[in-house]
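Let's take a look at how a protein chain holds itself together. Keep the model open beside you as you read.

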Amino acid sequence: MEKRNFKYISFGAGFLAAFVLWTVLVCFADVKPVGPNGSSVGLSTLNSFVNRLIGAHMWLYVATDWLGLVPVAFCFGFAILGLVQLIKRKSLFKVDGDILALGAFYIVVIAAYLLFEKFAVNYRPVLIDGFLEASYPSSTTLLTLCVMPTAMMQLKARVKNAAVRKTILRAIAVFTAFMVLGRFISGVHWASDIIGGIFLSGGLVSLYAFAFAKPNDRDERA
């Protein structure tokens, strides 16, 4: 195995192992009813301290919620690219391998989101429209940190103009940082929710990077 590929696999396994361990801690360590309506929260001492420190800023919650449509738009954009290739080349096996891998990656991300919506680990530190909502891991953090870095990989390989490519990649990096920090500072998540989202997305993106690094014949079929 090439050194670079080994690095991706190692990072992916490490992040996913950290996510599993972190999730176990959130489920069983220092669990106390410190959330709204007496809801139980894991790592309650840490989470309560951070939550009191930053407070709640609902305008940031609303802003990051709406800006969450940006990663969704990227998903649709790459889905359309794959569909165009499928129609043009008349075979699923002739669609660029990295695009097929990206589609599989999106399915895994959606499955992870649905799993934690179904089996709630923690609930938000604030009520949303009067209701408790599942908050672990932060779905906005997960979506942003999964979609935007993989989009950067795709665009880095597909945008030929160096100046345009650099501008786009920098803009995406700034957007990604704003989304994660904004979600954290908004106070609608416990600190453990954000950390869990970072660990899970780090693992998934590293494994996608391994698949993306595989040789493909994109240039020949473009």
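A residue is called buried when its relative accessible area is under 20%, exposed when that is over 50%, and partly exposed in between. By that cut-off R124, at 5% relative accessibility, counts as buried, while E133, at 29%, counts as partly exposed. Bear in mind that this is a predicted model.

Those two residues are also partners: the side chains of E133 and R124 meet in a salt bridge. Searching the whole structure turns up six salt bridges. Here are three of them:

| Salt bridge | Closest N and O atoms |
|---|---|
| R183 with D65 | 3.1 Å |
| R158 with D96 | 3.1 Å |

What does the R183 and D65 pair tie together? R183 sits in helix α7 and D65 in helix α3, so the bridge joins parts that are 118 residues apart in sequence. R183 counts as buried, at 1% relative accessibility, but D65 is partly exposed at 37%.

Now for the nonpolar side. The largest nonpolar core has 37 residues, and F78, F105, Y106, Y136 and Y208 touch the most other members. Helices α1, α4, α5, α6, α7 and α8 each give two or more residues to this core, with α5 giving the most, eight. As for Y208, its contacts include L102, F105 and M153.

How values were computed. Residues numbered from 1 in each chain as written. Predicted model: local features only at pLDDT ≥ 70, side-chain atom pairs only at ≥ 80, totals over all residues. Heavy atoms only, no water. Core = buried A, V, L, I, M, F, W, Y, C linked by side-chain atoms within 4.5 Å. Buried < 20%, exposed > 50% of the residue type's maximum accessible area, 1.4 Å probe, protein only. Helix = DSSP H or I, 4+ residues; strand = E, 2+ residues; numbered from the N terminus. Contact = heavy atoms within 4.5 Å. Salt bridge = Lys/Arg side-chain N within 4 Å of Asp/Glu carboxyl O. Lists of a residue's contacts leave out its neighbours within four places in sequence.
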